[in-house]
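Please keep the sequence and the structure open beside it.

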Amino acid sequence: MLDVRDLDLFYGDAQALDGVSLQVAEGEVVAIIGANGAGKTSLIRAIAGMKKPARGTITFDGHDITGRVSSIICDLGVAQVAEGRQIFPSMSVAENLEMGAVLPRARTKRKETLERCYEMFPKLKVRSDQAAGTLSGGEQQMLAIGRCLMGQPRLMMFDEPSLGLAPAVVGEMFKIIKELHAQGMTVILVEQNVSASLKLADRGYVLENGRVVLSGTGAGLLNDDGVRQAYLGL
Ligand code: ATP
């Protein structure tokens with residue numbers, strides 16, 4: 001479904017990605033792990049069309065999306081899940097969700113998708129008329145996921161979804177990603193909680209200094225001595 005080849009990306013003279021290649025098949029959950037500054041966010045931004053790579057190609061469903069504008073990439077079904085903080089605080093929960101379905105493809109199915117969102121996040125239904133800014137941090141993160149789902153994505157990219165959330169909410173977050181996986185959603189997951197993310201992932205890639213240094217199944221990476229030492233503190 002997604003094929004990234006030989007990607008180089010720079011901020012000025014500083015190289016953030018150096019020949020990165022990775023593939024994601026439909027229905028897979030793929031984890032990207034790496035230390036701070038390894039290039040994980042840059043990779044997601046390049047796929048989402050928010051930062052142009054200097055070299056390499058990104059193909060989604062046979063479409064070359066390299067360097068295309070983010071609205072076109074989004075229209076094809078590639079979505080970056082916003083951080084919980086990026087919701088519209090003074091708008092209601094329901095209005096925030098509806099904002100996710102502005103593209104024509106999503107608008108026609110708005111009612112069904114809204115019901116699906118409320119099934120997945122019953123708390124959002126209870127609070128549908130409440131201003132989004134009054135939700136807890138965890139609920140705001142759920143709202144951000146719900147809003148993303150309203151756009152009918154085919155590939156969802158999560159960048160540190162558990163950042164700043166209470167431990168109980170982090171568990172809920174992983175449960176939701178698991179549920180999305182079970183429903184056939186394709187997911188790229190960048191998560192500081194390496195152990196939980198590799199347990200959930202079908203496959204993973206390890207980034208170091210902008211390069212892919214290792215890849216394998218989630219279980220394989222969890223058992224890899226280098227990964228255990230560098231990222232799991234074992
Ligand atoms: P983190 O976990 O800390 O978010 P990351 O793996 O997501 O790290 P990136 O944010 O992609 O890493 O950063 C990769 C490199 O690019 C780093 O050296 C970083 O300092 C640099 N970088 C990222 N964003 C910018 C920017 N807007 N301007 C200049 N340099 C940047």
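1. How many nonpolar, polar and charged residues does the shell around the ligand have? By class, there are four nonpolar, five polar and two charged residues in that shell, where Ala, Val, Leu, Ile, Met, Phe, Trp, Tyr, Cys and Pro count as nonpolar, Asp, Glu, Lys and Arg as charged, and the others, Gly among them, as polar.

2. A word on the basis of this note: the model is predicted, local features need pLDDT of at least 70, side-chain atom pairs count only at pLDDT 80 or more, and totals for chains, interfaces and linings use all residues. Residues are numbered from 1 along each chain as its sequence is written, and side-chain values use heavy atoms, with hydrogens and water left out.

3. The residues that surround the ligand are Y11, A16, A35, N36, G37, A38, G39, K40, T41, S42 and E160, a residue being counted as near if one of its heavy atoms lies within 4 Å of the molecule. Helix α1 gives the most to this shell, with three residues; helices (H or I, at least four residues) and strands (E, at least two) are DSSP runs, numbered from the N terminus.

4. A backbone N or O atom of G37 lies 2.7 Å from a ligand oxygen atom, a polar backbone atom of A38 is 3.1 Å from an oxygen atom of the ligand, and for K40 an N or O atom of the side chain is 2.8 Å from a ligand oxygen. The ligand taken alone exposes 630 Å², of which the protein buries 57%, the accessible areas coming from the Shrake-Rupley method with a 1.4 Å probe.

5. Turning to the sheets, one is open and has four strands in the order β2-β1-β4-β5, with antiparallel pairing; two strands pair if DSSP finds at least two bridges between them. Because β2 (14-24) and β5 (63-64) stand at the edges with a single partner strand each, one side of each is left without a neighbour in the sheet. Helix α1 (residues 40-48) packs on this sheet and touches β1, β2 and β4, its direction making about 115 degrees with that of β1; contact means heavy atoms within 4.5 Å, and axes are lines fitted to C-alpha atoms, for helices over the stretch in contact, with angles from 0 to 180 degrees between N-to-C directions.

6. Within that sheet, strands β1 and β2 run antiparallel and are joined by eight bridges, with L2 opposite V24 and L9 partnered by L17 of β2. The hairpin of β1 and β2 has two residues between the strands, and there G12 takes a positive phi near 60 degrees. Strand β1 (residues 2-11) also pairs with β4 (residues 55-60), in the antiparallel sense and over five bridges; V4 has I58 as its bridge partner in β4, while D8 has R55.

7. Another open sheet is formed by six strands in the order β6-β7-β8-β3-β9-β10, and here the pairing is mixed. The strands at its edges, β6 (78-81) and β10 (211-217), each pair on one side only, and the twist from one strand to the next averages 20 degrees.

8. On the β6 side, β6 pairs with β7 (residues 155-159) in the parallel sense over four bridges, and Q80 stands opposite M157 of β7. Helix α7 (residues 137-150) lies across β6 and β7 and runs at about 170 degrees to β6. Helix α8 (residues 167-182) packs on the sheet as well, touching β3 (29-33), β7 and β8 (186-190), with its direction at about 165 degrees to that of β7.

9. Strand β9 pairs with β10 in the antiparallel sense over six bridges, and in β10 the bridge partner of Y205 is S215. These two strands, β9 and β10, form a hairpin with two residues between them, and N209 in the turn has a positive phi of about 45 degrees.

Definitions and conventions. A polar contact is a pair of N or O atoms within 3.5 Å; within protein, one must be able to donate a hydrogen and the other to accept it, and residues adjacent in sequence count only if both atoms are side-chain atoms.
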